Amino acid sequence: MSPPADAAPASSGGEQFELDPVFLNSRREAIAIFLLWFLCLLWAVPVCYAMGYGQEVVPRQVPTVMGMPSWIFWGLLLPWLAADGATIWLCFRYIKNDPLGEVAGEEPVDSKTASADGEGSK
Amino acid sequence: MMTPLLAADSNAALVTFMIYTLAVFGIAALSNQLMKSKSFMSEYFLGSRGLGVWAFALTFAATSSSGGSFTGFPAKIYTHGWVLALWIGSYMVVPICTMGFIGKRLNQVARISGAITIPDVLRDRFNSKRFGLLAVILIVFFMSFNLVAQFKAGATILKVLLSDVKIFTDFSASVSTWLEGSTFFGTDGQYLVCLLFFGVAVIAYTTYGGFHAVVWTDVMQGIVMILGVLILLPLAISAVGGLSFATQEMSTMTPPMRGYAEVASTKPLTEAVVLDNDDWLMSSTRNPTRVFRVARPATIQPGDEINFVEVLEITSPSEVKRILAGEDDSVTMKGEIDLNFREDLVAVTFSNPGDSRGSITVHPGPMTGDYEFKSGEYVVAKDSKGTLRNFRVVEAAGPFQVPRNVDLRVAEGNDFDSAVMTWNKDNPLTLVSASMSPVSYQYGHGEQGHYVTGPGPSPRDSLGFLPLSVAISFFFMWAISGAGQPSNMVRLMAFNNSRTLQRAIFTVAIYYTCIYLPLVVIFCCARVLVPGMEAEPDRIMPEMAVYLTDSIGAGWLGGLLIAAPFAAVMSTVDSFLLMISSAVVRDIYQRNIKPDASEGSIKKMSYLCTLIVGTAAMVVAINPPNFLQDIIVYVGSGLAACFLAPVVFLLYWPRATESGCIIGMLSGFAAHFAMYTAGIFTNGSFFRPYRLFDFDPIIVGLGVSFLITFLATRATTPPSEEIVRKYFYRKVQG
């Protein structure tokens, strides 16, 4: 979804414009997040289906790991922990700490709160 | 333990709970003070965009974890077993998807336009009044559904908490007597009283405190919720004798059967006898003994000869053994099972699982003179294929003086062959139509192992609870559609900076990990510990909380634990309430009817609107629909089908147009609604939607919405340079 030429006014009235980096960063991060979701889908559903669906069950002899059926452990618990790891990496390494700007027609957001988190205004 | 459960500790639990409720009101009062120093509109509906990490993370988490998470979800785990871990599996990425996918960009766009609500964003992004109004209509439509369901959840939870408090039961009995004969208010006085208390509390603090009250109570409620789950987890595992034991025990279970028991008194009755949901019946005339739980309250009047009572038959031998003996002999369980067996009554016969109850229309044929149908009378009617079918009249009808078609409430069964038929052989009745509900499990009936494997037993679906296609659908449902919820979006507009977003995503990820997987474990244990709850599975969370704390003699803890689902419902209701009133006050009144309205009149309007919307939802909840979780799923997927595609396109695609987004939004709504409406014709219920290629309507709704938005945008005139520059470009410095 790159901006088309007819909707990308690079200059107007002598002023120069560039694509907003918050927009570009947000879009890049959204794509990475979508890929993470897709990877989790590819791990959890096929593993659960292969190991936990349509299986013959002998009562009181269900294979378990940590007390839960083994297909739950390999297909849900493990990818869940992996997803948490990936989320932490995305949050603190990949997602940019972009300034979000002031609010149009409103008094500025509490400057103390903003500066405390290391963000200046745009 | 099935009876009202707080016996000795009811007061302690009640006091804990009352303290919690008072704290909520205290927070509302503080919030109201805060509003006095800020712009009312921005503060009341958006908290002045000043939310820090904890407030943002916990309000987001608490709002998402609605009443469904603590009533409907546990009910589903209880009913279908371990497969619910896969059903909820996409929560592993819900925080990063719902907050990270559009959070930063939405917050920025809302700041650029000065938007306070989601309809504001849509309207301002395209300078389009009609887009804003369309969004308002859809939000009000969907949220109203959900609000009613959440009110029901809140009242149900409160009813369990108070069920053994004398002053409450006495007062409720008076209310029941007072309302006797009223069809609108029903007969459940306890539910009505709880609904009133819950409704007044939540409406009052939301109206008075606004967004900050909602957020701060969310924070408190979020803490209560996670504490509740983390306390319940070890208690449940310990009480059941280890998770491994629970899993192995579940592997022996077979789904229960639902049907009708014919119940008679062992002695002549002098006054009416009430059979409650907590009552158990057994039929010892057969070997082995059969055990039933009353599925729907019934009253037996003196002189009644035939009493049909809707019951649930427990079919797993291990469960029956535990129910009859009090505990299983193969393991020591700490909690005692204290069942309320009715010794004055006996289940005489139980209709076979294929039997059902419903209504038939009969034509009396060439009868003359007065005629009537007595309760318990057998009638034989010939259906349209000419087959004779046996029915027993459940509700008396007549007498009729003129022969005419009669709608009869009947039960059809196979146990009637030996009964003496009182029908008139000379004038057999002709069956005009019959409406019967199936009552046995469609998948998993009579088979072991389904509670520990996929797709899980299902009373309604012959493919099982979670076939592969539906499992994939739910990966879309929670993670992707969660990003499309207006109630989530509005919170994404309220955090103060990017750093807050990053830390909040991390916090919510850990929070959800600590909530959802433990919930699956806890309520798998509940299947073993508290049998027979399929008749009213929405009550399993409070029942379990009280069961576990009662077994260790800590009633006060029961109060705190029940406050967890109550908190979840409250935090959802208050958010939805505010969403609807903000839509009406900001998006309709201020922006379309009276743009120059003073702050004072907007303030009054906001209070009034929140009050009216909440009261209306409470009134509708007096006769609430069933299927709490089904309503939540319908609303969640419907909102996503409407909002996600337009919002994603307007945030990330400069070429996005007003017409393209409106058409996409309407297409998503129509496609999703069509799937549910088709369910009426194909599956007999709106809440059992038609599944195209076995996929949930969310896939169809999202697919159609994204595709149509893209195509319609391509087909329409590009937006003005001014708009694109405002939202996608910035001046080059220097």
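Predicted model: local features only at pLDDT ≥ 70, side-chain atom pairs only at ≥ 80, totals over all residues.
How many residues does α14(B) have, and what does the helix reach from its first C-alpha to its last?

View 1. α14(B) has 15 residues and reaches 21 Å from its first C-alpha to its last, close to the 21 Å expected at 1.5 Å a residue. The helix is mostly covered, with twelve of the 15 residues buried. Among the buried residues of α14(B) are F474(B), F475(B) and F476(B).

**View 2. The side of chain B that touches chain A.** Here 68 residues of chain B are in contact with 69 residues of chain A. Elements that give two or more residues to this side of chain B include α7 (103–113), α14 (468–482) and α23 (721–728). The most comes from α16(B), which gives nine residues. By type, the residues on this side of chain B divide into 32 nonpolar, 26 polar and ten charged.

**View 3. A strand pair between the two chains.** Strand β2 (residues 15–19) of chain A pairs with β16(B) in the antiparallel sense, over three bridges. Within this view, E18(A) stands opposite R730(B), a residue of β16(B).

**View 4. Confidence along chain A.** The average pLDDT of chain A is 81, and 73% of the residues score at least 70. Over residues 1–7 of chain A the pLDDT is below 50, and this stretch has 14 contacts in the model beyond near neighbours in sequence. Residues 108–122 of chain A also stay under 50. For residues 108–122 the model has 29 contacts beyond four places in sequence.

Terms used. Residues numbered from 1 in each chain as written. Chains lettered and ligands numbered in written order. pLDDT = per-residue confidence, 0-100. Contact = placed C-beta atoms within 7 Å. Helix = DSSP H or I, 4+ residues; strand = E, 2+ residues; numbered from the N terminus. Nonpolar A, V, L, I, M, F, W, Y, C, P; charged D, E, K, R; others polar. Pairing = 2+ DSSP bridges. Expected span 1.5 Å × (residues − 1). Buried ≥ 20, exposed ≤ 12 C-beta atoms within 10 Å, placed from the backbone.
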